[in-house]
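I opened the model and kept short notes on what I looked up. The entries follow in the order I made them.

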Amino acid sequence: MKSTLVFFALVALAAAGCSGPKIGTMTGYDNADGQDDMHPGSVNDYEHTTPAFWANVNAVSIYNRDWNQWKYHNIIINYKGKNVTVQSWDSCANQDCPDHTPCCTNNAQKFAKPGFLVDVEKRVLKSAFGINNYDDVMAKISYYLCDKFDPKPIAKKYHLTN
Ligand SMILES: *[C@@H]1O[C@H](CO)[C@@H](O)[C@H](O)[C@H]1NC(C)=O
């Protein structure tokens, strides 16, 4: 009985295609505010993000060190015991930190090394996590790296340009 349960648990994990959990950092940013995002209205490869995009896609930014390997992946964030699936669409570059610190490196390594940064746009923070003050977020999270997705049909649906 017990081994059957373990077997099904392993099958479920393999089906989800996720690895983890590991310890990372969740922070928040405002994609519409040029003071907070040096490229307001843009994500890594697309421009003209729309309210509909942010309302329907749990897009997040990851440290640009991890971008080539983990761009356009589903990522499960476990925050306060609850799983939320987000998608990597944007990247955090130290030269763009509003406070002129290496904020992407510092935040990624806050709770673990090498660590992993999930910088969540304020509208996603609100809809997915119920968090209002994006500027105050510096949270230890567990995360799972999952499958890759194709951004093109999603970008097309929400009229992003590139
Ligand atoms: C969160 O997702 C992971 C990966 O799919 C899973 O192993 C874990 O059981 C989930 N945790 C909760 C609380 O749903």
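Where is K80 found? I found K80 in the loop between β3 and β4. Helices (H or I, at least four residues) and strands (E, at least two) are DSSP runs, numbered from the N terminus.

**Ground rules.** I noted that residues are numbered from 1 along each chain as its sequence is written. This is a predicted model, where local features need pLDDT of at least 70, side-chain atom pairs count only at pLDDT 80 or more, and totals for chains, interfaces and linings use all residues.

I looked up phi of K80 and got a value near 50°, which is positive in a residue other than glycine. Most residues other than glycine have a negative phi, and most peptide bonds are trans. K80 counts as exposed because it has 8 C-beta neighbours inside 10 Å. For the terms: a residue is buried if 20 or more other C-beta atoms lie within 10 Å of its own, exposed if 12 or fewer, and partly exposed in between, with C-beta atoms placed from the backbone. The hairpin of β3 and β4 has two residues between the strands. These two strands pair in the antiparallel sense over six bridges; strands pair if DSSP finds at least two bridges between them. N78 has N83 in β4 as its bridge partner.

**The other partner of β4.** I then checked β2 and β4, which run parallel and are joined by five bridges. Y63 stands opposite C92 in β4.

**The whole chain.** I listed six helices and six strands. Their order along the sequence is α-β-α-β-α-β-β-α-β-α-β-α. The radius of gyration is 16 Å, close to the 15 Å that the globule rule gives for 162 residues, so the chain is as compact as a globular protein of that length. That radius is taken over C-alpha atoms, and the rule is 2.2 Å times the number of residues to the power 0.38. Of the 162 residues, 31% count as buried.

**The core.** Which residues have the most contacts inside the largest nonpolar core? I wrote down V60, I77, V86, L117, V118, V120 and Y143, in a core of 31 residues. A nonpolar core is a set of buried Ala, Val, Leu, Ile, Met, Phe, Trp, Tyr and Cys residues joined through C-beta atoms within 7 Å. β2 gives the most to this core, with four residues. Leaving out residues up to four places away in sequence, V120 touches M26, G28, V60, V86 and L125; contact means C-beta atoms, placed from the backbone, within 7 Å.

**Helix α5.** I found K122, R123, V124, L125 and F129 buried in α5. The cover over the buried residues of α5 includes β1, α2, β2, β3, β4 and β5. G130 follows α5 and has a positive phi, near 70°.

Q109 lies in the loop between α4 and β5. It counts as partly exposed because it has 17 C-beta neighbours inside 10 Å. The C-alpha atoms of Q109 and T25 are separated by 7.7 Å, although the residues are 84 apart along the chain. P114 lies in the loop between α4 and β5, and a cis peptide bond joins K113 to P114, with omega about 5°. Another cis peptide bond joins G20 and P21, also with omega about 5°. P21 is found in strand β1.

How values were computed: Contact = placed C-beta atoms within 7 Å.
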